[in-house]
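Thanks for making the time this morning.

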Amino acid sequence: NMYKEDFRNMIEENRNSSDSSCAFTHTNTMTAILITVYSVAFAGGGIGSITMSFVLVKMNTLSVTTTAIINLVVVHGLLLFTVPFRLHYYFKKKWIFKMPFCKMVSAMVHIHMYLTFLFYVITLVIRWLIFFQWKDKVEFYRKLHAIAASAAVWVFVMVFVVPVLYFEYGRSGFYNDTTCFKFHKELQQDSVKALNYTIIAAVSCVTCVLLGLQIFILVKVARKLSTSLWSHQEFWAQVKNLIFICVIIICFLPYHLFRAYYIQHVSNFDQLESYNEVFLSLTALSCLDLLSFMLSGS
């Protein structure tokens with residue numbers, strides 16, 4: 001009887017350990033990709049944010065573009081704070097920081113992506129207004145105006161976005177405390193599907209408009225400066241605008257295009273969830289934008 005009891009306990013322990021390992025659904029290859037992408041984002045984003053902070057401190061003027069860049073430094077900083085916890089989870093294959101913090105870390109990637117996208121759009125629109133000479137220079141006349149405009153965006157996020165994500169995120173179904181970033185059960189709700197499709201359509205359309213407008217402007221500049229194109233500052237200023245659009249196309253668009261497929265087939269097979277996580281991790285690489293601005297002399 002004693003031997004039978006020991007044998008039963010051993011089987012139970014094995015079952016429990018296999019259950020906990022099954023909770024972590026990523027294969028070794030997918031885990032390695034996630035660790036690599038987030039490590040690159042953390043290192044490059046950290047260097048870029050610190051370097052850009054020193055540059056911004058020395059600047060006297062507070063243009064709308066500068067204000068947008070300051071906000072980018074802040075939003076990248078918030079994401080980078082959560083990255084070590086993600087890396088810990090991917091290394092250990094077990095979440096040890098409780099479910100509320102998991103929700104916050106998970107939501108931060110989405111908040112970061114859409115705020116970065118918003119600041120890019122604002123920056124590009126302002127630069128185009130200057131190009132079309134509707135405005136000579138777009139500047140906040142007082143630093144208070146810049147702070148107020150930035151605060152308005154952040155208050156909207158804190159009051160409307162964060163509470164909704166916190167209370168609605170992970171509400172459908174039971175989630176294991178040792179497993180994180182598995183909130184796909186929400187996608188079975190029609191309202192969540194509709195919201196996702198709306199966001200996908202909006203991001204895709206805005207990206208196409210941004211790219212189309214920038215190509216139109218580059219063609220216009222090329223025709224105007226046909227002889228001295230490569231040595232003219234105006235042409236290179238417009239080429240630098242492409243950095244923003246390239247980041248959107250490389251980092252944000254693949255996630256949204258895959259998401260449309262993922263929502264339809266989410267319950268078909270588990271591996272899709274890993275692919276979704278990898279595409280989502282690519283959005284964190286937008287943290288490298290500040291480093292690319294510094295290296296390109298923007």
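**From one segment to its neighbours**

Let me begin with residues 111-132, over which the chain is 95% helix and 0% strand, with the end C-alpha atoms 32 Å apart; helices here (H or I, at least four residues) and strands (E, at least two) are DSSP runs, numbered from the N terminus. This is a predicted model, in which local features need pLDDT of at least 70 and side-chain atom pairs count only at pLDDT 80 or more, while totals for chains, interfaces and linings use all residues. Residues are numbered from 1 along each chain as its sequence is written, and side-chain values use heavy atoms, with hydrogens and water left out.

The stretch 111-132 is one of those that the unreviewed UniProt entry annotates as "transmembrane region", and the others in that record are 33-57, 69-91, 144-167, 194-219, 239-258 and 278-296; such annotations may be inferred rather than shown by experiment, and the positions are given in the numbering used here. For residues 33-57, the chain is 100% helix and 0% strand, and the end C-alpha atoms lie 36 Å apart.

Taking the chain as a whole, there are nine helices and zero strands. Of its 298 residues, 42% count as buried, where buried means under 20% relative accessible area with a 1.4 Å probe, protein chains only. Contact means heavy atoms within 4.5 Å, and among contacts between residues at least 6 apart in sequence, 77% join residues at least 24 apart.

Now to the packing. Helix H4 (residues 99-131) and helix H7 (residues 233-265) pack at an angle of about 155°, with their axes 11 Å apart; the axes are lines fitted to C-alpha atoms over the stretch in contact, and angles run from 0 to 180 degrees between N-to-C directions. That angle makes H4 roughly antiparallel to H7, the term being used for angles over 145 degrees. On the H4 side the contact includes His-110, Met-113, Tyr-114, Phe-117 and Trp-128, and on the H7 side it includes Gln-238, Asn-241, Phe-252 and Tyr-255. The residues of this contact divide into 14 nonpolar, six polar and two charged, with Ala, Val, Leu, Ile, Met, Phe, Trp, Tyr, Cys and Pro counted as nonpolar, Asp, Glu, Lys and Arg as charged, and the others, Gly among them, as polar.

What of H6 and H7? Their axes come within 9 Å and cross at roughly 155°, which makes H6 roughly antiparallel to H7. The residues of the contact of H6 with H7 divide into 19 nonpolar, eight polar and four charged.

Which residues does Gln-214 touch, leaving aside its neighbours within four places in sequence? Gln-214, which sits in helix H6 (residues 190-224), is in contact with Leu-124, Trp-128, Gln-238, Asn-241, Leu-242 and Ile-245, and it counts as buried because its relative accessibility is 0%.

Finally, helix H8 (residues 271-283) has buried residues that include Glu-273, Asn-276, Glu-277 and Thr-283, and what covers the buried residues of H8 includes helix H2 (28-58), helix H3 (64-92), H4 and H7. Thr-283 counts as buried because its relative accessibility is 0%, and, leaving aside neighbours within four places in sequence, Thr-283 is in contact with Val-109, His-112, Met-113, Cys-251, Phe-252 and Tyr-255.

Terms used:
Parallel < 35°, antiparallel > 145°, perpendicular 65-115°, else oblique. Buried < 20%, exposed > 50% of the residue type's maximum accessible area, 1.4 Å probe, protein only.
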